[in-house]
Structures are given as structure tokens and as C-alpha cells.
Amino acid sequence: MLNRIAIEELEAWFFGDIQAIVSAYPKVSTNVGQQAKYRKPDEITGGTWENLEKILQKAGYHRGGLEKVKAAREISQFMTPAHNCSPSFQIFYQGLLAMLP
């Protein structure tokens, strides 16, 4: 059994894999991950979902507001867990790997 509690928003995990965001939403700039505000995804201030919504809307997506479940499905299919730079995601991921035989 593995116990992990995700306290903050999962969108921080998406910011940990900017390439997954860009793959799901090709009009998003690949430079987003180079901006100081997004380099440490677990430390994003001002709300991670609000920041994700802003970035996606700037690129022309989710104009009526961020549809969290839809965005999660679209982004997560492109995520590469081993390359995610979110420390909290890595703790979760390593815990899952430790459970495998």
C-alpha cells in the first residue's frame, strides 16, 4: 500500500512537463518553461490552475474558462513521468515505482 496525499493543485504536475502541455496544445510557446515563474512548478504563486488557464487562453484555448478535467486528460496523455521536474510529482512517481515487483 502506498499513501500519498496531493494537497495542492495537480496543475503543478502539468507545469513539471511543459512539453506535455505543448504537445496537447501546440500553440502554447515552448518558452513557457524557461520563464522564472514556471521553472519550479511546485512553487508557482497565484494558483497553478489560474496560471495554466492564462497560458492556454493566451494561446487561444479554453476561452470560456479552463475545463480542468478536459485539460487533465489532454495533457496527461503526453506526460513523460521520468522527465517531470515537479518534486512532488517525482515523490509520487517514485513511490509507485517502488510498489512494482
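Trainee: What counts as a helix here?
Mentor: Helices are DSSP runs of H or I with at least four residues, numbered from the N terminus. This is a predicted model, where local features need pLDDT of at least 70, side-chain atom pairs count only at pLDDT 80 or more, and totals for chains, interfaces and linings use all residues. Residues are numbered from 1 along each chain as its sequence is written, and side-chain values use heavy atoms, with hydrogens and water left out.
Trainee: OK, where does Glu 53 lie?
Mentor: In helix H3. H3 covers residues 48–58.
Trainee: Which residues of H3 are buried?
Mentor: Buried means under 20% relative accessible area (1.4 Å probe, protein chains only). In H3 they are Thr 48, Asn 51, Leu 52, Glu 53, Ile 55 and Leu 56.
Trainee: What covers them?
Mentor: The cover includes helix H1 (11–15), helix H2 (18–24) and helix H4 (68–76).
Trainee: Back to Glu 53. Which side chain of opposite charge is nearest?
Mentor: Lys 68, 9.1 Å away. Lys and Arg count as positive, Asp and Glu as negative; His and the chain ends are not counted. Glu 53 has no salt bridge, meaning a side-chain nitrogen of Lys or Arg within 4 Å of a carboxyl oxygen of Asp or Glu.
Trainee: What is Glu 53 in contact with, neighbours within four places in sequence aside?
Mentor: Gly 65 and Leu 66. Contact means heavy atoms within 4.5 Å.
Trainee: New topic. What about Ile 21?
Mentor: With neighbours within four places in sequence left aside, Ile 21 is in contact with Phe 14, Phe 15, Val 28, Leu 52, Leu 56 and Ile 75.
Trainee: And what follows H3?
Mentor: Gly 60, with a positive phi near 100°.

Methods:
Buried means under 20% relative accessible area, exposed over 50%, partly exposed in between (1.4 Å probe, protein chains only). Helices (H or I, at least four residues) and strands (E, at least two) are DSSP runs, numbered from the N terminus.
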